[in-house]
Amino acid sequence: MATNQTFTMIKPDAVQDNHIGAITQMMEADGFRIVSLKKTRLTPERAGEFYAVHKERPFYNDLVKYMSSGPIVAMILEKENAVADFRKLIGATNPANAEEGTIRKKFAKSMEANAVHGSDSDENAQIEGDFFFGAGERF
Ligand code: RTP
Ligand code: MG
């Protein structure tokens, strides 16, 4: 069942570069409402757990190191058709392929440091939101 929610993180490079406000502004301007929001830092263990689906991929170790290298901003977002619409708003994983007007086109620096995460399914949006937020942190 579509939940109309997705999960996102502003990744360490974009937080470090002071883009939290500009990125959340793009999300709100596109019709997403912020249900939950938290600035936090992943330990390497927690980052490894979050990206466990990529464990066998060649970029996994670098990804875990990068995602635990500094604070991130985790959010649950709400909008009709949230998962698909949000993937559209963030743009392609590789910023070289990201369309004009997308968050990654504007803020991503590389394939790895690509500014934001977006859930790829309703099921993962639920799992990833639960990874960061309890029942009393959703509004
Ligand atoms: P995300 O999960 O962060 O929203 O990104 P995505 O779905 O567009 O890409 P995914 O395939 O799930 O990869 C997760 C993250 O791993 C890093 N990556 N690096 N060096 C590389 O070849 C490579 N490939 C992926 C990126 O940070 C990507 O967002
Ligand atoms: Mg992904």
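Modeller: Below we take the ligand surroundings, then a histidine, then a helix. This is a predicted model: local features need pLDDT of at least 70, side-chain atom pairs count only at pLDDT 80 or more, and totals for chains, interfaces and linings use all residues. Residues are numbered from 1 along each chain as its sequence is written, and chains are lettered from A and ligands numbered from 1 in the order in which they are written.

Biologist: Which residues surround ligand 1?

Modeller: Phe-59, Leu-63, Thr-93, Met-111, Glu-112, Asn-114, His-117, Gly-118 and Asp-120. Each has its C-beta atom, placed from the backbone, within 6 Å of the ligand.

Biologist: How does that shell divide by residue type?

Modeller: Three nonpolar, four polar and two charged. Ala, Val, Leu, Ile, Met, Phe, Trp, Tyr, Cys and Pro count as nonpolar, Asp, Glu, Lys and Arg as charged, and the others, Gly among them, as polar.

Biologist: What does UniProt place at His-117?

Modeller: The feature "active site", from an unreviewed entry. Such annotations may be inferred rather than shown by experiment.

Biologist: Is His-117 buried or exposed?

Modeller: Buried, because His-117 has 20 C-beta neighbours inside 10 Å. The cut-off for buried is 20 or more other C-beta atoms within 10 Å, and for exposed 12 or fewer, with partly exposed in between.

Biologist: Where is His-117 found?

Modeller: In strand β4, residues 116-118. Strands are DSSP runs of E, at least two residues; helices are H or I, at least four.

Biologist: New topic. Which residues of α7 are buried?

Modeller: In helix α7 (residues 122-132), Ala-125, Glu-128, Gly-129 and Phe-132. Seen down the axis, they fall within an arc of 100°, so they line one face of the helix. The arc is that of the directions from the helix axis to the C-beta atoms. Glu-123 and Asp-130, on the other side, are exposed.
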